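Please consult the sequence and the structure shown here while reading.

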Amino acid sequence: MTETGTVTSKANGRDAAHSSSWLTVLSLTAFALLIALGVWQVERRAWKLALIDRVEQRVHAPAQPIPSPATWPTVSAANDEYRHVSVTGRFLHDRETLVQAVTEEGPGYWVLTPLQSSDGTLVLVNRGYVPSDRRDASTRRDGNPQGQVEITGLLRVTEPKGGFLRTNVPEHNRWYSRDVAAIAAARGLDHVAPFFIDAGARSQSGGGPIGGLTVISFPNNHLIYALTWFALAFMLTGRLIVTFGGGLFRRKEPWSGFVHEAAGGPDAVARRTGSDAGTIVEPT
C-alpha cells in the first residue's frame, strides 16, 4: 500500500467517523424530542379529562344567578364558561342582532337579544336558532315574549372579531361570531355584561327561536397522539441499535500480524527484520 493510499484511507475513516457522530447526535436529539412530545400529550390528556369533568358539573348544576357587575372583570372561560345560570328582565326586541350559524337544524341565524334587568344592567341572550326565512323579526312577532321573563341557560364567553376566515362587519350588520363588545357598540348599549347566555330549550310559539342547541364537545385524541410519538421513538431506537450496535455482534476476522505487499519494491527482501519484522515482501 502506497503512502498516498494510506493517507486517503485515514481521511475517509475520519470523514466516516465524523458523519457517524453527527448522525448519532441528531438521532438522540430526535429521540428526546419524540419522548417529550409523548409526555406532553399525556399531560394534555389529563388536563382535557379534568376540563370535561368540570364542564359536566357546571352544566348539570342547579341554575345560579348570573355574575354581578362587580365580578364582571374576573369572568373567564376557565372559571365560568358553561355555568348554568338564570337571569330575570325584559327583552329589548328592537335591538336584536342576527349572527350567522350552522346548527343541527340547518343553516340560519342565532338571535341575540339584550335583556335588561331591574337594576338597568344588560346581558345579551342567545335566544336560539331561526332559519333564513325567519330572519325578518316581523315573521316571528308572536314568538317574542313581552314583559318580565326569567331566562335560564349556559354562560358563554364573548367571541371577538369573527368566525373562521370571516370577520364581523358591524357597519353592514354582518355578524359571524357573538362578539359582545362589538354588538353592544353597534346597538348603542351601555352597562352590558362581557358574556352572553345561551338560552335553554323553551316551548316554541309564533315561529320564535329554537333554544337549547348549545354544542358542548371537546375532542380528546391526546392518547392516540401520545402513543404515536412513543411508537416513533421506539422505532428510532430500534433503528439506532441496528445501525450502530450491529457491529458488536459481527464475527471479526483474526489478525494475522502480517501485511502482504506487492513484489518489486525497492526494499524488497525475503523477510524484513527489526521494526519491520513480521512484514512479508515478495522478492523480485
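A salt bridge is counted here when a side-chain nitrogen of Lys or Arg lies within 4 Å of a carboxyl oxygen of Asp or Glu. By that criterion, seven salt bridges are found in the whole structure, which is a predicted model.

**Salt bridges**

- Aspartate 80 and arginine 83 form a salt bridge through their side chains, at 3.1 Å from N to O.
- Aspartate 80 is buried at 11% relative accessibility, whereas arginine 83 is partly exposed at 34%.
- Arginine 156 pairs with glutamate 81, with 2.9 Å between the closest N and O atoms.
- Because arginine 156 belongs to strand β6 and glutamate 81 to the loop between α2 and β2, this pair ties together parts 75 residues apart in sequence.
- Both arginine 156 and glutamate 81 are buried.
- Glutamate 159 and arginine 178 also form a salt bridge, their closest N and O atoms being 3.0 Å apart.
- Glutamate 159 is partly exposed at 22% relative accessibility, while arginine 178 is buried at 9%.
- A network of salt bridges links Glu81, Arg156, Glu159, Arg178 and Asp198.

**Strand β4 and its partners**

- Strand β4 spans residues 106-116, and nine of its eleven residues are buried.
- Strand β3 pairs antiparallel with β4 over seven bridges, and valine 99 stands opposite tryptophan 110 in β4.
- Strand β5 pairs antiparallel with β4 over nine bridges; tyrosine 129 in β5 is the bridge partner of tryptophan 110.
- Strand β2 runs antiparallel to β4 and is joined to β4 by two bridges, and phenylalanine 91 has leucine 115 in β4 as its bridge partner.

**Hairpins**

- The hairpin of β3 and β4 has two residues between the strands.
- In the hairpin of β4 and β5, five residues lie between the strands, and glycine 120 takes a positive phi near 90°.

Key:
Residues are numbered from 1 along each chain as its sequence is written. This is a predicted model: local features need pLDDT of at least 70, side-chain atom pairs count only at pLDDT 80 or more; totals for chains, interfaces and linings use all residues. Side-chain values use heavy atoms; hydrogens and water are left out. Buried means under 20% relative accessible area, exposed over 50%, partly exposed in between (1.4 Å probe, protein chains only). Helices (H or I, at least four residues) and strands (E, at least two) are DSSP runs, numbered from the N terminus. Two strands pair if DSSP finds at least two bridges between them.
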